[in-house]
Amino acid sequence: MSRFGFWTIVLILTWLLLAVLLFVPVGSVLVSSLYDNAGNFTLGNYLKAIGDERIQRAFVNTLLVGFGGLAGALILGSIMAFCVSRFEIMGGRFVSLLAIMALVSPPFIGAYSWIVLFGSAGVVRQWFKAVGINVPTIYGLSGILIVFSLKFYPYVYLMVSGALSNVNRSLEEAAEGLGLTPFQRAMKISFPLVFPALSAGGLLALIHSIADFGTPRLLGRGFNVLATEAFTLYSAEIGSNMSMATTISVILVVMSMVFVLLQRYMSRRNVYHGNMINKPHKIRLKGWKNVLAHFAVYAIGLAGAIPVIIAVIYSFRKTSGPVFQTGFALQSYERIVFGLGDVVTNSLTFSIAAVVLIVVVGTLIGCLVARKTTFATSLLDGALMVPYVMPGIVIGIAFIAAFNTGPIVLTGTAAIIILSIFIRRLPYTVRTTSSALRQIGPNMEEAAISLGYSPFRAFTKVTVPLIIPGIIAGGMLSFVTAINELSSSLVLYVGRTMTMPVRIYLLILDGDFGTAAALSTILLLLSGTAVYIAFRFLGRNEQALL
Amino acid sequence: MAYLTVANATKRFGDTFTALKDVSIAVERGEFFTLLGPSGCGKTTLLRSIAGFNQLTSGSILIEGRDLGSVPPHKRDIGMVFQDYAVFPHLTVFENVAFGLKPRKVARDEIARRVPEALEAVRLGALADRLPAAMSGGQQQRIGLARAMVINPQLLLMDEPLSNLDAKLRVELREEIRDIQKQIGIAAIYVTHDQEEALAISDRICVMSNGHIEQVGTPQEIYGNPQTLFVASFVGTINKLKPGAALDSLLGELGLADIAQANPNATWVVRPENLLLEGEGGVGGQPVATVTGTVSKYTYLGREAHLQISTDLGDLVVHVANPDRNGVQAEGQVKVLVAKDAVLGFDADGKRIGG
């Protein structure tokens with residue numbers, strides 16, 4: 001009876017938590033978009049948004065970058081996944097490492113690195129100019145799409161390579177035996193089999209492309225998307241237009257949700273279980289085909305990792321003020337040590353606090369969802385999908401709207417940043433914990449019970465030790481997202497609570513790329529360490545990064 | 001009074017599904033008792049109720065007269081072996097086996113003595129310090145067995161422990177389980193859907209279907225003297241004889257006409273190995289009828305041969321032992337000998353007629 005009571009309390013507290021941190025803030029965004037400044041109910045904001053040419057353009061642009069990013073990520077990701085899982089590629093693990101680097105690299109540092117190379121005064125452009133070739137600049141839509149493709153292809157790559165290496169070889173051999181050409185075989189057998197993975201990876205790329213704020217902000221040069229418009233409207237010093245910003249946020253959320261539902265609908269029939277026995281062979285290619293495959297894989301991998309490489313190199317360059325000089329020095333790091341220590345401390349404390357919360361609360365909820373399957377817990381599982389589709393900028397604006405006045409005032413505190421990270425990342429931990437628990441199954445605990453352990457002791461003695469590695473790994477991966485979080489923090493920060501990504505963003509706007517690069521390098525080092533620890537606990541499981 | 005008594009056990013899941021209907025069994029001390037039946041027959045539900053993982057809707061479970069109804073599963077002192085082994089992957093083989101001794105407050109030096117003993121018994125003595133993850137299914141189940149027995153439980157429950165193993169290992173391990181159980185003289189309840197396994201391992205078998213008991217008896221009784229049509233067809237194979245004039249005259253020749261007339265809707269069956277081909281040997285001093293037919297299929301299996309023969313009684317399968325030595329005819333016309341005690345009759349409810 002006491003056990004039942006405990007889980008009921010957890011269930012109630014979870015709903016309370018979701019209500020306070022999610023439904024009320026996001027609900028108030030929805031509601032405030034339905035009222036004018038005088039407090040009267042109106043659909044005027046939506047009508048105005050629909051009528052506003054700027055917002056129309058931003059809407060179309062968002063779709064453009066979304067589907068452009070999706071297409072780019074799908075092409076690059078599938079090529080790489082196909083080559084790595086079907087052909088023998090030298091240094092395959094190194095290629096995976098490059099993809100992971102692209103995935104965990106600080107946001108929009110990519111955008112800036114591309115500006116360094118291909119901007120108006122970009123290094124590569126200068127080289128080409130010297131030999132008389134005029135390379136177009138990276139600004140505008142094409143630049144954003146290149147950056148998105150290279151930043152988000154790892155989602156597709158990691159998903160699809162996993163699926164491809166689990167396709168039963170006999171299926172393809174059977175098709176071959178039935179007289180299908182290699183091309184028909186790929187289209188009729190392999191493609192449908194990896195479609196769920198392909199669409200899931202594509203969805204991640206699409207949602208991140210729609211929600212991304214930093215890249216269009218830096219590369220857009222007048223090319224605005226909904227995320228940047230929302231931020232502009234929110235942060236305008238004079239005449240900040242909160243209700244319009246919230247209106248755009250709602251449009252953004254609805255858009256993400258539509259795509260999530262669409263993906264689920266499209267892959268609803270396609271649940272294939274991988275097989276462990278008849279795995280596909282890797283073919284050793286010969287001659288020009290081999291060269292081509294290696295070239296494709298390494299070109300994609302290196303291009304995706306270029307921003308990181310550039311940032312690391314530039315962090316060690318000698319500077320005079322914001323201007324780079326020839327030669328190398330540690331000036332940029334000195335500036336961080338003497339001037340920006342608190343930013344690093346902030347980032348670390350916020351992330352660690354958020355991760356601790358996420359792990360404790362997420363594990364409890366995960367146990368609840370996995371072990372006490374009732375209508376109430378299934379509903380909870382569904383509700384936890386909401387933060388998943390919520391662009392960071394929307395959570396930020398929602399938190400400001402909800403916690404600026406009223407019973408809980410949190411604006412300007414560290415708590416509001418920690419909580420925003422917490423609620424966004426919580427669903428992932430709930431998922432990992434509940435799926436880990438479902439894999440263990442109740443037999444293990446029953447064995448302990450039949451040996452004389454009470455149910456509670458059986459849980460702590462058997463189940464907890466078994467899921468702990470997964471929980472630690474999940475916590476580490478949450479740490480990576482937490483410490484790289486920009487878009488919600490950018491809305492929520494005040495001077496005292498500035499984090500590293502926010503500072504990097506501001507430094508880039510100020511043109512101080514040396515310090516930005518050094519901060520990014522530190523950020524990358526922290527993320528890399530966390531990924532390394534996670535892999536130590538999980539085994540090398542790249543898909544856990546998604 | 002039996003050692004373990006289950007009386008009038010009924011278990012309902014929700015309002016609609018009844019997994020156990022008024023089941024009563026009695027198991028003696030040191031007995032190897034098997035619950036046999038197809039999936040969904042309630043055998044696992046009964047086992048889990050004895051372990052305490054299911055609460056009976058009504059009925060009682062007693063060990064040596066003590067009612068277990070209010071005893072929580074961890075205080076029942078019942079060892080359990082699981083189908084998927086349920087070996088703790090984070091503990092070594094030794095720690096797995098010692099796991100159940102800790103809550104019993106067994107002294108350290110006694111643990112150091114009893115665990116290796118148990119591991120020797122299942123032939124895992126050399127692997128005590130290994131982690132079970134990389135071990136084969138057979139080895140993992142041996143750990144499960146040692147772990148359940150080292151606590152000297154009042155009762156050992158086994159839930160299809162061999163069904164995830166390959167055929168050869170299954171035979172090997174079931175012999176070991178049987179030997180160990182007899183050695184320590186513990187009462188064991190074993191759940192399986194494999195009739196051959198049940199026959200090989202059990203002192204008594206309880207055949208279940210649809211939540212009720214069909215028959216309880218020794219392996220010989222279950223196989224040789226099935227009391228219901230379900231038992232006859234689930235344990236071993238049968239030929240159903242086609243109703244009609246040919247069947248009536250066969251029953252007449254065997255002196256069964258009166259019984260047949262009293263049960264007009266009866267099903268008459270005969271086991272393939274109880275049919276003889278003419279010239280194959282004697283049947284003893286009892287009425288024998290001869291049926292003529294044509295061989296329509298011949299399957300050679302080395303140790304025996306299976307013949308399918310088209311007759312007026314329908315297609316009859318006949319098993320012939322040692323076909324090479326007995327010179328079996330693989331085609332053409334043959335004569336099948338049907339002895340009186342080979343024919344089993346069941347009434348419309350599937351109950352045995354006569355005996």
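Reply: Let us begin with a residue of chain A. In this predicted model, Arg457(A) is found in helix α20 of chain A, residues 455-484.

Me: Why is Arg457(A) called partly exposed?

Reply: Its relative accessibility is 36%. Buried means under 20% and exposed means over 50%, with partly exposed in between; therefore Arg457(A), at 36%, counts as partly exposed.

Me: What makes up the positive surface patch?

Reply: Arg457(A), Lys461(A), Lys102(B), Lys105(B) and Arg108(B) form the patch. Lys and Arg count as positive, and patch residues need over 30% relative accessible area; Arg457(A), with 36%, passes that cut-off.

Me: What makes helix α1 of chain B mostly covered?

Reply: Of the nine residues in this helix (43-51), eight are buried. Among them are Leu46(B), Leu47(B) and Ile50(B), and Lys43(B) and Arg48(B) are also in the buried group. Buried means under 20% relative accessible area, so the helix is described as mostly covered. After α1(B) comes Gly52(B), which has a positive phi near 100°.

Me: Why are β13 and β16 of chain B called edge strands?

Reply: The open, antiparallel sheet has five strands in the order β13-β17-β14-β15-β16 (chain B). Strands β13 (276-277) and β16 (314-321) of chain B each pair on one side only, and are the edge strands.

How values were computed:
Residues numbered from 1 in each chain as written. Chains lettered and ligands numbered in written order. Predicted model: local features only at pLDDT ≥ 70, side-chain atom pairs only at ≥ 80, totals over all residues. Heavy atoms only, no water. Patch = residues over 30% accessible without salt bridge, like charges linked within 9 Å, V, L, I, M, F, W, Y side chains within 5 Å. Areas by Shrake-Rupley, 256 points an atom, 1.4 Å probe, with all protein chains shown as cover. Salt bridge = Lys/Arg side-chain N within 4 Å of Asp/Glu carboxyl O. Charge placed at Lys NZ, Arg CZ, Asp CG, Glu CD. Helix = DSSP H or I, 4+ residues; strand = E, 2+ residues; numbered from the N terminus. Buried < 20%, exposed > 50% of the residue type's maximum accessible area, 1.4 Å probe, protein only. Pairing = 2+ DSSP bridges.
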